[in-house]
Amino acid sequence: LGQLCLHLLYGNQTFLYALNFLPLFLVLVSLGTLTRARPVVLGLLAALIVCAAINNVTQFRRAVDYFRQPAPTAQAPRAVAGADRPPLSTLDAQLATAPETR
């Protein structure tokens with residue numbers, strides 16, 4: 001009941017909580033095989049296994065294709081304000097040799 005409330009509260013993003021329902025589904029399928037509906041349950045289970053395998057292979061191929069793409073190259077930095085200033089080491093040297101004006 002708590003998991004159902006959690007899903008109702010957080011909306012359609014159930015992927016994060018999908019494994020919370022796995023034990024419930026396993027119990028229901030297990031108990032379903034003990035009834036007269038055993039052939040139906042086993043048929044649905046076989047269809048689920050086939051669909052899950054197709055989905056897993058498809059998603060795996062998409063992931064492999066994604067990681068085979070070359071990484072984006074870094075672009076040269078653009079000029080920034082103050083880029084024409086001398087480096088700080090030059091300024092430090094000028095300040096060290098400048099006469100004091102106090």
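What average pLDDT does the protein chain have, and what percentage of the residues score at least 70? In this predicted model, the protein chain averages a pLDDT of 76, and 58% of the residues reach a score of at least 70.

**Figure 1. Overview of the protein chain and its helices.** The secondary structure of the protein chain consists of four helices and zero strands, and when the elements are read from the N terminus on, they run α-α-α-α. The protein chain has 102 residues, of which 4% are buried, and it exposes about 9900 Å², with carbon and sulfur atoms supplying 66% of that area.

**Figure 2. Confidence in helices α3 and α4.** Within the protein chain, confidence is highest in helix α3, which covers residues 38-68 and has a mean of 91, whereas it is lowest in helix α4, which covers residues 88-97 and has a mean of 61. Where pLDDT is low, the predicted coordinates should not be read in detail.

**Figure 3. A nonpolar patch on the surface, formed by L24, F25 and L28.** Taken together, these three residues, L24, F25 and L28, have about 300 Å² of accessible area. One of them, L24, lies in helix α2, which spans residues 22-32. L24 counts as partly exposed because its relative accessible area is 44%, a value that falls between the limits of 20% for buried and 50% for exposed residues.

**Figure 4. T33 in the loop between α2 and α3.** T33 has its place in the loop that lies between these two helices, α2 and α3. Is T33 buried or exposed? With a relative accessible area of 18%, T33 is buried, because the term applies to residues under 20%. A polar atom of the T33 side chain lies 2.6 Å from the backbone oxygen of S30.

**Figure 5. The aromatic pair of Y66 and F67.** The count of aromatic pairs comes to one. This pair is formed by Y66 and F67, whose rings are 5.1 Å apart from centre to centre, with 85° between the planes. The arrangement of Y66 and F67 is edge-to-face, because planes over 60 degrees apart are given that name. Y66 counts as exposed because its relative accessibility is 54%, and F67 is likewise exposed, with a relative accessible area of 67%.

Notes. Residues numbered from 1 in each chain as written. Predicted model: local features only at pLDDT ≥ 70, side-chain atom pairs only at ≥ 80, totals over all residues. Heavy atoms only, no water. Patch = residues over 30% accessible without salt bridge, like charges linked within 9 Å, V, L, I, M, F, W, Y side chains within 5 Å. Areas by Shrake-Rupley, 256 points an atom, 1.4 Å probe, with all protein chains shown as cover. Salt bridge = Lys/Arg side-chain N within 4 Å of Asp/Glu carboxyl O. Buried < 20%, exposed > 50% of the residue type's maximum accessible area, 1.4 Å probe, protein only. Phe/Tyr/Trp six-rings, centres within 6.5 Å; stacked < 30°, edge-to-face > 60°. pLDDT = per-residue confidence, 0-100. Polar contact = N/O pair within 3.5 Å; in protein donor to acceptor, adjacent residues only side chain to side chain.
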